[in-house]
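Here is a quick tour for anyone meeting this structure for the first time. Have a look at it, then read on.

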Amino acid sequence: MDALAPRIQARLDALAAISADEGAITRLYLTPEQARASALVVGWMREAGLTPRVDAAGNVIGRIEAVEPGAPALVIGSHLDTVRDAGQYDGPLGVVTGIACVEALVREGVRLPFAVEVVGFADEEGTRFNATLIGSRAFAGTFDPDKLDCPDGQGVTIAGALRAAGLDPDRFHEAARRAGEILAYLELHIEQGPGLERAGLPVGLVTAISGATRLAVTLEGEAGHAGTVAMDGRRDALAGAAACILAVEARCRTDAGLVGTVGSLTATPGAVNVIPGRVGFSLDLRAPDDGLRRAALADIGSAWEAIAAERNLSLTKRITHDAPCVPCDPAWMERIATAIAEEGYPVHPLPSGAGHDGMAVVALAPVAMLFVRCRGGISHNPAEFASLEDIEAGARVLLRVLRGLAAEHDASGPLVLDP
Ligand code: HGY
Ligand code: MN
Ligand code: MN
């Protein structure tokens, strides 16, 4: 069989060239750039023998029927949206590799006993609307339609952006799939961490996806003249935010696996000679255990209340995302582990600190993931990189899973949906 990685890399390069920002990769949900990327992926799906469509939420879905048309589908996918100034692998690697695997099977004339759907979810990062997993939650039927009036930074709501993209927000719910339609969801993704590089391995078996809580926080003080307000009389919202951020860092250092990040902050009025009267900032808190994350969230909240009281600031916080840990399905992990071993690699289990679409799709079907090593564990950064050899290793493992399923079906009859 020809190598799969060169064609995968060429397609990743083509996608990377589609961006809102010159010289950087930024492709947000329901933007013109995303529409161009989706059109490219639709074409590749068609070339591979998949029947493509874009669903009511903007997800790109390519389907190839089983010997029996209408059979439940194994879904292989990831996301096509990116963070700002992203790398080229986070998301697209899983979609393009899924297409490549189907293409290889079609070329060999292999008909699978189940349908396969390759899905490019339209919004996993949540960068534009501060609501993450929109595409996969729509697919799973778990997205709250009331959230369609959620605005982006320019005041455009999700509903407005759907219309601008030629989609009808009143039909958003039609993206939802029924549980019986989906056998399982498999995602190949770069690790976005240093574990595989440290282990010296190209691929890893994901055990669970860490739970995450995101908050939108506001501190209100009093704007004032930088030259005339004495230090002890100030209600400086930005100095208060700085103390809150250091409190997050201190709390998260106390437990292994617990991570807290303040990724965005705005200070108002934002003038060099004005004491900031108001600050808004985000918190992204994660842990491999839900109890640990909830305890840390409570401790951080208490620390913030004390800081606000001491500095005479008012504190408001709102949960914008809260997703429990998602364990990967043991039976599907076993299938991936077998494929890793048959490809000649040690099976290296590891948790995912990053969130993934499987956190949403698990509402519909069992989920499992395969990690590919990325250099330095760097991600959400243009320096993100996966080598051709490692992409090839990941693609061959995924392809072997598909072949193994066909053999399993021939030996023991149709794959059964988990009860
Ligand atoms: O934030 C995450 O973990 C994912 O990359 N969206
Ligand atoms: Mn991702
Ligand atoms: Mn990401």
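What share of the contacts in the protein chain with a separation of 6 or more comes from residues 24 or more positions apart? Such residues account for 78% of those contacts, a contact being heavy atoms within 4.5 Å.

A few ground rules. This is a predicted model, where local features need pLDDT of at least 70 and side-chain atom pairs count only at pLDDT 80 or more, while totals for chains, interfaces and linings use all residues. Residues are numbered from 1 along each chain as its sequence is written, chains are lettered from A and ligands numbered from 1 in written order, and side-chain values use heavy atoms, with hydrogens and water left out.

Now the overall build. You'll find 11 helices and 16 strands in the protein chain, counted as DSSP runs (H or I, at least four residues, for helices; E, at least two, for strands) numbered from the N terminus. The C-alpha trace spans about 80 × 45 × 40 Å along its principal axes. Of the 419 residues, 54% are buried, meaning under 20% relative accessible area with a 1.4 Å probe, protein chains only.

What about the cysteines? A search of the whole structure turns up zero disulfides, that is, pairs of cysteine sulfur atoms within 2.5 Å. Cys325 is in no disulfide, and its nearest cysteine sulfur, that of Cys328, is 11 Å away.

| Residue | Relative accessibility |
|---|---|
| Cys150 | 16% relative accessibility |
| Cys325 | 19% relative accessibility |

Technical notes. Buried means under 20% relative accessible area, exposed over 50%, partly exposed in between (1.4 Å probe, protein chains only).
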